[in-house]
Structure formats: structure tokens, C-alpha cells
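Me: I have a protein model open and would like to learn how to read it. Could you take me through it step by step?

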Amino acid sequence: MLANQIAAGEVVERPSSVVKELLENAVDAGATRIQLDIERGGTRLIRITDDGHGIERDQLELALARHATSKIQYTDDLKAIHTLGFRGEALASISSVARLSLSSKASNSASDAAGWSAIAQGQDMAVELQPRPMPVGTIVEVRDLFFNTPARQKFLRAERTEYVHIEETLKRVALASSQVAFTLKHNGKVTKRIPAAQSPEQQKQRIGSIVSNRFLSQALHLDTRIDSLRLWGWLSRPEHHQNSNLSQYVFVNGRAVRDRTLNHAIRQSYQDLLPTGRVPAYVLYLELDAEQVDVNVHPTKHEVRFSDARQVHDFISRAVAEALQPQNEVLSADDLS
Ligand code: ADP
Ligand code: MG
């Protein structure tokens with residue numbers, strides 16, 4: 001219990017950190033629709049419903065245990081991670097600082113079988129199972145975040161602030177998973193609907209609806225490959241600068257990151273093109289061999305480490321600089337689909 005609460009200190013900072021972990025689990029489970037219900041900025045309730053492959057009854061208890069992950073079988077897998085989760089920490093950590101229930105019906109269970117609901121309670125976190133009729137997929141409910149850790153509760157901000165963080169988290173996950181549809185409800189009202197995208201045209205529209213149509217209508221499109229490296233996405237024209245780091249999104253192999261090497265490389269390419277204090281907006285996807293990048297650097301998995309950081313840095317700053325060349329401006333995002 002205590003070990004879980006300590007781990008929770010690293011993983012669960014605020015409601016949006018819970019949302020991030022649960023959304024990533026749903027994506028990892030192959031969900032095509034994910035519904036997120038939030039009450040009071042996530043402090044009273046966070047419920048995530050997905051239509052992924054679900055969890056079998058006899059695996060539910062394990063899913064709530066610390067360092068139990070179904071995503072890694074061999075230590076070698078750590079060198080080439082293809083799922084968003086892999087540490088097996090999130091559910092155990094969250095259930096140590098909130099009232100968490102995990103309900104699921106596995107896709108390989110008999111069609112007339114009910115799903116099962118698991119709750120870990122008490123000092124020893126004993127797991128209790130109950131039948132729960134539901135369609136195939138998983139429902140995770142997290143109530144009363146930090147009810148047993150008053151020190152953390154004090155750091156919670158206004159409902160509106162926590163909600164904005166949740167929305168931002170959803171945007172990041174949604175930008176990374178264009179084939180998934182998301183719905184966000186806050187206090188019973190739908191506040192965001194993000195459809196799945198099939199075609200490149202739909203994907204472009206989807207990015208406009210997540211980031212902003214104003215960004216997308218002026219943004220430059222880029223798609224550059226060198227050897228096993230590929231960088232693609234959209235970036236703001238130099239004359240469309242902003243003063244905050246909002247709308248700056250970078251994904252490495254489908255994972256949202258905040259990485260200094262990458263941010264530096266991008267900023268460098270804009271350096272002489274923007275007035276001081278102004279910054280660009282961008283949605284950029286970097287793809288490279290899973291062996292060339294280590295995502296197991298920090299529990300929140302925001303940072304990554306490249307086996308050849310210099311190569312990645314140079315590739316990105318060159319690709320971005322090229323996209324910003326005036327002659328490329330005829331190739332605006334609107335011309336591409
Ligand atoms: P990790 O994602 O690092 O494996 P978690 O604590 O987030 O660890 O989840 C533990 C395990 O519970 C996962 O490995 C997975 O087997 C199972 N699980 C969690 N959420 C879901 C979900 N939405 N659908 C299917 N399985 C899930
Ligand atoms: Mg996880």
C-alpha cells in the first residue's frame with residue numbers, strides 16, 4: 001500500500017495524470033471508441049469506457065497489482081516497446097490514492113457471459129470480484145482522488161483548471177491515435193467529440209478540430225524521410241507566431257513526448273524567423289526504429305532517450321528548416337490531402 005502510494009507520487013500528480021494512464025491503457029487494448037466522463041474536474045469522478053479487448057476474469061486481480069503488466073513478457077521487450085504502457089504501475093498506484101473499480105468483459109469470453117468488476121480495498125488491497133453485465137471492453141472508474149492523501153489534495157486547483165489539464169491530455173492522446181474516436185463529458189455535458197479518421201483528408205480535419213482550425217488553415221505540411229527516420233506533420237508559418245507553448249505537439253512513434261532534444265531542434269530552425277519571445281505552433285510526428293529510442297526513462301514516459309541524439313536533432317532541424325523555406329510556402333496544408 002505504502003509502496004503504491006509512493007509510486008503514485010511519481011505517476012499521479014493530478015486528475016489529468018490519471019486520465020493519461022487510463023486513456024493509454026484503452027488505446028493499448030485496441031479500443032476504437034473511448035468515452036471519458038469527468039465530474040468536478042476529475043476530482044469526484046473519472047470514468048473511462050472503452051471497446052478494447054478487455055481483461056479476462058482471472059486476470060483482473062493481477063491487473064491491479066503493482067508491476068503487473070501483460071505487455072512485456074521478456075526483458076528484451078523493453079528494448080523495443082510498441083505499447084504506451086509497460087511498467088504495470090498505473091492501476092496499482094491510482095487505486096492506492098483513490099477509489100478505483102476495474103470492470104471488464106474480455107472479447108474471448110462467451111457472448112452470454114457477464115463482465116466482472118474488481119475493487120482493491122483496505123490496507124492489504126484485497127481484491128473483490130463481482131459480476132457486472134456489460135459489452136466487451138473495459139470500464140475504469142476512479143472516484144474521490146486523493147481522499148486518503150490530504151497533502152496531495154491540497155495541490156488540486158480549481159475545477160476549471162483541472163478540467164483544462166484533462167482536455168489537454170485528451171488532445172495529446174487523440175493526436176497520437178487518429179483511428180480512435182473520443183468523447184469527453186464534463187459534469188454530464190459533452191464538451192468534446194473527436195471522430196476517428198480514416199483518410200488523410202479526415203486526419204487533417206481531425207487535427208484542425210483538436211488543435212484549432214486557425215492553426216491548420218495556415219500551417220505548412222511536411223513529410224521528410226532519411227534512412228529509417230521520418231518526420232511528418234504540420235507547423236505554423238513564421239509569420240503566425242504565438243507567445244505561449246500551447247499547440248506544440250511532438251510524438252515519437254505514436255507517443256506524446258516533451259523532449260529537450262526535439263524542442264531545441266525545432267526552435268533552432270525558427271530562430272531567425274520569429275521576433276524575440278514569439279514561438280511556433282506545431283504537430284509533428286517522428287518515426288524511427290523502436291530500437292533507436294528508449295522510452296523507459298521516467299515513470300510518466302514524457303521523456304525519451306535516443307541512441308543517436310545528434311543524428312535525430314540534425315535530421316529534425318534540417319527537415320523543419322527546409323519546410324520553412326519561402327519556396328515551400330506554395331505547398332500549404334490546404335493544397336495537400
Ligand atoms: P501497464 O499499462 O504499464 O501494463 P497498468 O497498471 O496501466 O500497467 O495496467 C495493468 C494491466 O491491466 C495492463 O498490462 C493490461 O493487461 C490491463 N489493462 C489495464 N487497462 C486495460 C484496458 N482498458 N483494457 C484492457 N486491459 C487493460
Ligand atoms: Mg498503463
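**Reading the model together**

Reply: Let's start with one residue: Gln-203 touches Ser-178 and Ala-197, leaving aside residues up to four places away in sequence. Here two residues are in contact if their C-beta atoms, placed from the backbone, lie within 7 Å. This is a predicted model, in which local features need pLDDT of at least 70 and side-chain atom pairs count only at pLDDT 80 or more, while totals for chains, interfaces and linings use all residues. Residues are numbered from 1 along each chain as its sequence is written, and chains are lettered from A and ligands numbered from 1 in the order in which they are written.

Me: Where is Gln-203 found, and is Gln-203 buried, exposed or partly exposed?

Reply: Burial is a matter of counting: a residue is buried if 20 or more other C-beta atoms lie within 10 Å of its own, exposed if 12 or fewer, and partly exposed in between. Gln-203 has 15 C-beta neighbours inside 10 Å, so Gln-203 counts as partly exposed. Gln-203 is found in helix α7 (residues 200–210). Helices (H or I, at least four residues) and strands (E, at least two) are DSSP runs, numbered from the N terminus. For contrast, look at Arg-310 in helix α10 (residues 309–323): Arg-310 is exposed, with 9 other C-beta atoms within 10 Å.

Me: How many residues of helix α4 are buried?

Reply: Eight of the eight residues in α4 (residues 90–97) are buried, among them Ala-90, Ile-94 and Val-97. In helix α2 (residues 15–28), 13 of the 14 residues are buried, so α2 is largely enclosed by the rest of the structure.

Me: What span should helix α2 have?

Reply: The expected span of a helix is 1.5 Å times one less than its number of residues. For the 14 residues of α2 that gives 20 Å, and its end C-alpha atoms are 20 Å apart, which agrees. After α2 comes Gly-30, with a positive phi near 75°.

Me: How do I read a sheet?

Reply: Strands of a sheet pair through backbone hydrogen bonds, either parallel or antiparallel. Two strands count as paired if DSSP finds at least two bridges between them. In this model, five strands form an open sheet with mixed pairing, in the order β9-β10-β13-β11-β12. β9 (220–226) and β12 (255–257) stand at the edges, each with a single partner strand, so one side of each is left without a neighbour in the sheet. Strand β10 (residues 229–235) and strand β13 (residues 282–287) run antiparallel and are joined by six bridges, with Leu-231 opposite Leu-286 in β13.

Me: What are the pairing partners of strand β3?

Reply: β3 (residues 99–105) has five of its seven residues buried. Seven bridges join β3 to the antiparallel strand β6 (residues 137–143), where Leu-100 stands opposite Val-142. β3 also pairs with strand β4 (residues 115–121) in the antiparallel sense, over four bridges, and there Leu-102 has Ala-118 as its bridge partner.

Me: How many residues does the largest nonpolar core have?

Reply: In soluble globular proteins, nonpolar side chains tend to be buried together. A nonpolar core is a set of buried Ala, Val, Leu, Ile, Met, Phe, Trp, Tyr and Cys residues joined through C-beta atoms within 7 Å. The largest one here has 81 residues, and Leu-23 and Ile-94 are among those with the most contacts inside it. Leu-23 touches Ile-34, Ile-48, Leu-170 and Val-173, not counting residues up to four places away in sequence.
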